[in-house]
Every structure is written in C-alpha cells, then in structure tokens.
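Please examine the model shown here before reading on.

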Amino acid sequence: MKGIKKSLTEEYLYLDFSHQKEGCIFPLHTSVTLFLLSYCDCTVFKVFLVLPGESTVSQWTRLCELTIPLAVENFLKESFDQPPTIPAAILELEKKLSEPVRVHNDDKLRRQKLKQQKAAGVGPSLAKEKTKSKGHRQETSEEGDSSSASLELKVAFSKLTMHKEPASANREPSHIRKAKASDLPPLDHVFAEGLYFTLADIVLLPCIHHFLVIICRKLSGKLVEFPLLAAWYQRIQEVPRVQTAASQCGIQFLSLPELQTTSSQQPPNLDEATCAEEQNDPSFIGGPRPTMTKLMEKGIEVMFSPHPCPTWTLDWDTLPAAVSPKEGKMSSDRALRKQQQLNNLVYMVTNQAKPGDRIVDFCSGGGHVGIVLAHMLPSCQVILIENKELSLIRAKKRSDELGLSNIWFIQANMEYFTGMFNIGVALHACGVATDMVIEHCLKTRASFVTCPCCYGFIQNTSKFNFPKSEQFKKTLSYKEHMILCRFADQTAVQLPPQRRLIGKQCMFLVDLDRARAAEEHGFSVQVISMEPESCSPKNNMIVGVPI
C-alpha cells in the first residue's frame with residue numbers, strides 16, 4: 001500500500017515472444033500484459049521480450065486469463081478456407097454476459113431499479129427494450145447524469161469517476177420496499193464481472209478486439225451471434241484511459257453496428273423459476289416447511305448455542321475515533337448496528353487470541369473488524385485481505401491515524417492467500433465466500449469466527465457442493481438445500497414477523513450444515529445468534545475451534 005519511491009531500483013520484466021502479426025505481439029498473453037502496463041501508466045519495469053522457454057486458479061480467472069487468450073490465439077491461426085469453429089470459450093463468455101448480475105447489495109439496487117422503472121412509467125420488460133433501443137455508447141457518459149441512463153451504468157461509472165451520489169435520507173416508498181424478490185428486475189452486466197470495471201476487463205480487451213477484427217473482416221455474418229460481447233466492447237471504450245492505452249499499443253478500435261439481444265438469450269429469473277417449480281412440484285408446497293420437517297424427522301432442529309456473554313460491549317466512547325465505524329461514510333443508525341456487530345465478533349476473537357497469534361480478516365472491506373482487533377490486541381498480528389483497492393485505502397488511512405504497527409494489508413482475492421495464521425474472521429462474507437473462509441481455516445487448523453451473508457447466492461461451485469455435511473447429504477437433495485438458502489435471505493426488517501422467523505430458522509439450518517461439515521474435519525463448532533439480534537438481519541455467527 002506504500003507509494004513507490006522515485007529512487008527505486010529499476011525492475012526487469014521478461015515476457016514471452018514468438019512472433020508479431022498485424023500489430024499484435026504473440027503469444028497473446030504478452031499483448032495482454034503490455035496493454036495492462038500501458039493502461040496503468042506503469043514505468044517501474046523495463047520490459048524485455050524473450051523467445052519462449054501454471055498455478056491453480058478459479059474457473060473465472062482461468063477462463064479470462066488462460067482459456068480465452070489461448071482460444072483466440074488458435075482462432076487467429078486458422079486459414080478460414082473452411083467455416084471455422086467459434087471458440088467455446090468465447091461462446092461461454094457471451095453466455096456469462098447474459099446472466100443476471102449478483103452483487104453484495106443486490107436487493108437494494110434491484111429495488112432502486114424497480115423505482116426507476118415505475119417513475120418512467122414502464123414495466124421491467126418494456127424498460128429493458130427501451131434500454132436496448134437507445135444504443136450503448138449514448139448511455140455511457142462518464143457523468144452518468146442522463147435520466148435515460150440505466151441504474152447499472154450510473155453505478156458503474158460513479159465508481160470509475162470516484163463520484164458518489166449522496167445517499168437519500170428517505171426510505172424507499174412502501175410499494176418498493178414490499179415488492180417480492182420475484183418481482184424485482186434483474187441487474188444487467190455493464191462489465192465482464194458485473195457492474196464494476198476490473199482486471200478481467202483489461203485482460204479480455206486485447207483478446208476480444210483481435211477476435212472481433214477477424215469476425216468483421218472474414219466472418220461478418222457471425223457478428224450477430226455476439227450482441228452482448230459487442231456491447232461490452234463498445235462500452236469499455238468509454239472507460240477513462242482505455243482509448244489512450246489502446247492507441248499506445250497499436251489497437252485501433254472497431255466501430256460496430258448496434259445488435260439486438262434476442263429474448264431467448266436472457267435466462268429466466270431465478271426466483272420466478274423457483275416459484276414455478278414449487279407450484280408444479282407437490283413436494284415443495286409450503287415453501288421451506290417440508291424441507292424443515294424432513295430435517296426434524298431426522299433429529300435436526302433449530303437450536304442455537306447460547307451466547308457466552310450477550311451483554312459484553314466495547315467502551316466505544318473511550319476508544320480513538322478512528323477505531324469506530326462512525327468514521328466511515330454511514331448513517332448514525334447504521335454505525336450503531338455495526339458497533340453491535342463488532343462487539344460480538346471482537347468478544348469471540350479476543351477470547352481465543354494469544355500473544356503472537358496471526359489473525360486474518362477476510363473480505364475486510366474498509367477494515368471495521370481488523371482495525372478494532374489490531375487496536376485491542378497489540379501483541380497479535382492482524383492481516384486484512386480485500387480485493388477492492390478503495391476499501392483498503394480507507395482502512396490504511398484509519399490505521400495510519402491510529403499509528404498501528406501490527407496490521408498489514410493485502411489486495412487480492414482470498415484464494416490467493418496461502419500464509420499460515422491462527423484465527424480467521426469474516427463479517428458478512430457473501431454467499432460461498434463464507435465457505436471459502438472456513439475452508440482456509442480448516443486447512444491451516446485455525447480457529448474461525450464468521451458471520452455469513454447473502455445466503456441466496458449459495459450454489460454448487462467447482463470447490464463446494466451443497467449440502468456439505470454427511471448428515472445433511474443423507475437427508476436433503478441439492479434442490480431442497482437451495483430452498484433453505486433462498487428463504488434464509490428473507491429476514492429483512494420490512495417483512496412480516498412470521499416470515500422473518502422462518503428466514504432465521506432457514507439461516508440456522510444452512511449454517512448448521514456448514515458447522516457439521518467443519519466438525520467432520522476435527523473442529524468444535526457452534527452456531528450462535530448475535531446480540532442484540534436487531535444489529536443485522538444476517539446475525540448468525542459460526543464459531544469453530546480445532547480440537
């Protein structure tokens with residue numbers, strides 16, 4: 001996180017070089033790297049191209065950084081005497097861009113989008129058609145202040161321009177707050193990973209550019225098969241510095257015609273599909289109740305472990321201001337709830353920590369958990385891991401104000417962290433991110449204190465299959481477990497009390513499955529409810545200690 005000194009010794013970067021053709025340096029990975037260095041205006045490295053002489057990554061990283069560059073490179077080598085086969089990786093990316101975006105504040109943004117649509121006097125489907133008909137380049141002004149611009153574009157470009165619209169002090173109208181999740185419009189992709197411009201977009205741009213050059217020159221009839229990829233290609237050119245970086249690397253952007261996205265390319269709304277499935281399948285009548293009854297018949301009931309000290313609290317009034325979440329950009333009510341959440345996590349961690357322990361705050365965000373722990377446990381090392389640069393910059397600033405010398409910052413996805421540690425902690429790690437945190441702790445035999453979030457995002461991945469524990473696997477199918485996950489997200493304060501209670505019970509059962517799976521690896525695990533429960537709709541803690 002420290003700035004680079006001007007007197008820093010010059011670093012050397014060696015990149016593979018096989019040949020150059022039509023302004024493109026091969027292998028394509030080298031072109032990607034050169035574009036990245038140019039985009040970041042990086043002058044630290046002296047680059048050498050050398051004649052040519054892999055680590056485990058996520059499926060998405062492999063697709064963007066390995067599969068697509070290699071696939072496009074092979075595609076460019078084809079003779080085109082016969083109709084070529086479009087790389088499967090490109091088709092997969094086009095499909096990925098058609099999927100609804102899932103982000104941490106998904107529900108909030110979708111309600112804002114519904115409000116925007118109703119204010120315009122259109123329904124979700126008509127709004128989508130209007131968005132398509134306007135053309136992408138018209139809507140992606142960096143100011144994002146056009147009334148016709150989509151919510152997704154406003155959110156995306158406000159991030160890029162460091163501009164944040166002031167939060168409204170008023171609550172959403174009643175009809176927006178009470179709208180069912182199945183009635184909320186999905187969020188559309190702006191960039192490759194969703195709403196935000198990331199490294200994936202930089203890596204993909206040279207690859208997709210060279211692919212589209214061939215498509216336009218030799219296979220123009222195929223272009224209509226990639227409306228979303230073409231829209232992404234046009235949109236990314238509006239990102240600050242992309243045009244400059246491309247020009248410096250010899251990339252001359254294409255001007256593509258506007259393409260229509262067919263309705264058949266849009267996947268069905270997950271909530272609508274699930275609701276329809278429940279209506280058509282007698283075994284799912286009654287929402288999660290049949291599944292909960294099935295578990296109860298096997299002796300699996302909702303029974304939280306007692307909180308060891310429900311009234312314990314930090315003395316926030318005597319702590320330095322930079323320790324408190326009130327220093328962040330949030331309302332006083334939200335800051336109070338964040339303090340209550342921290343009381344719970346800090347108590348659990350401080351009762352396990354020993355001098356010299358290394359504590360890792362996964363998905364640390366702005367450092368609310370890690371900074372408090374570093375201040376309260378000066379004899380321990382605290383490491384914050386977060387993939388968003390701006391969040392870590394805010395955390396670093398608060399840390400500097402406190403003069404903390406026992407805290408470190410790592411900007412990375414958590415799967416890249418391989419260090420040893422004694423305690424892992426995560427507050428509201430979204431979806432399977434909680435499972436990734438627990439997995440890290442199991443591998444290193446570290447204690448863990450996690451507070452899960454976004455249960456509706458849980459799904460089978462290349463690393464995790466649900467249910468996770470043997471006990472739950474013997475009782476529930478994947479489909480039944482997903483029913484629990486979907487209803488576990490229905491704990492918002494505006495919902496009826498009985499519905500919130502069912503949501504809380506489903507939360508417990510999902511977390512109990514996680515706890516039982518950890519117990520199978522030699523851990524003692526408890527599922528505990530935070531105190532007071534009003535501190536957050538997602539108020540479960542999973543606390544594990546190696547036996």
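Phe75 counts as buried because its relative accessibility is 1%, where buried means under 20% relative accessible area, exposed over 50% and partly exposed in between, with a 1.4 Å probe and protein chains only. Phe211 is likewise buried, with a relative accessible area of 0%. The model is predicted, so local features need pLDDT of at least 70 and side-chain atom pairs count only at pLDDT 80 or more, while totals for chains, interfaces and linings use all residues. Residues are numbered from 1 along each chain as its sequence is written, and side-chain values use heavy atoms, with hydrogens and water left out.

A pair of aromatic rings is described by the distance of the centres and the angle of the planes. Rings of Phe, Tyr and Trp (its six-membered ring) pair if their centres lie within 6.5 Å; planes under 30 degrees apart count as stacked, over 60 as edge-to-face and the rest as tilted. The count under this rule is 11 aromatic pairs. In one of them, Phe75 and Phe211 are tilted, with 5.3 Å centre to centre and 50 degrees between the planes. This pair links distant parts of the chain, 136 residues apart: Phe75 belongs to helix α2 (residues 59–76) and Phe211 to helix α9 (residues 199–218). Helices (H or I, at least four residues) and strands (E, at least two) are DSSP runs, numbered from the N terminus.

Another tilted pair joins Phe417 and Phe421, at 6.1 Å centre to centre and 50 degrees between the planes. Phe417 is buried at a relative accessible area of 10%, and Phe421 is buried at 5%. Ring pairs also link Tyr39, Phe191 and Phe197 into a cluster.

The buried residues of helix α3 (residues 88–98) are Ala89, Ile90, Leu93, Glu94, Leu97 and Ser98. These buried residues pack against α2, α9 and α10 (227–236).

The chain averages a pLDDT of 83, and 82% of the residues score at least 70; pLDDT is the predictor's confidence in each residue, from 0 to 100. Over residues 1–9 the pLDDT is below 50, and this stretch has 6 contacts in the model beyond near neighbours in sequence, a contact being heavy atoms within 4.5 Å. Residues 263–285 also stay under 50 in pLDDT, and the model has 35 contacts for them beyond four places in sequence.
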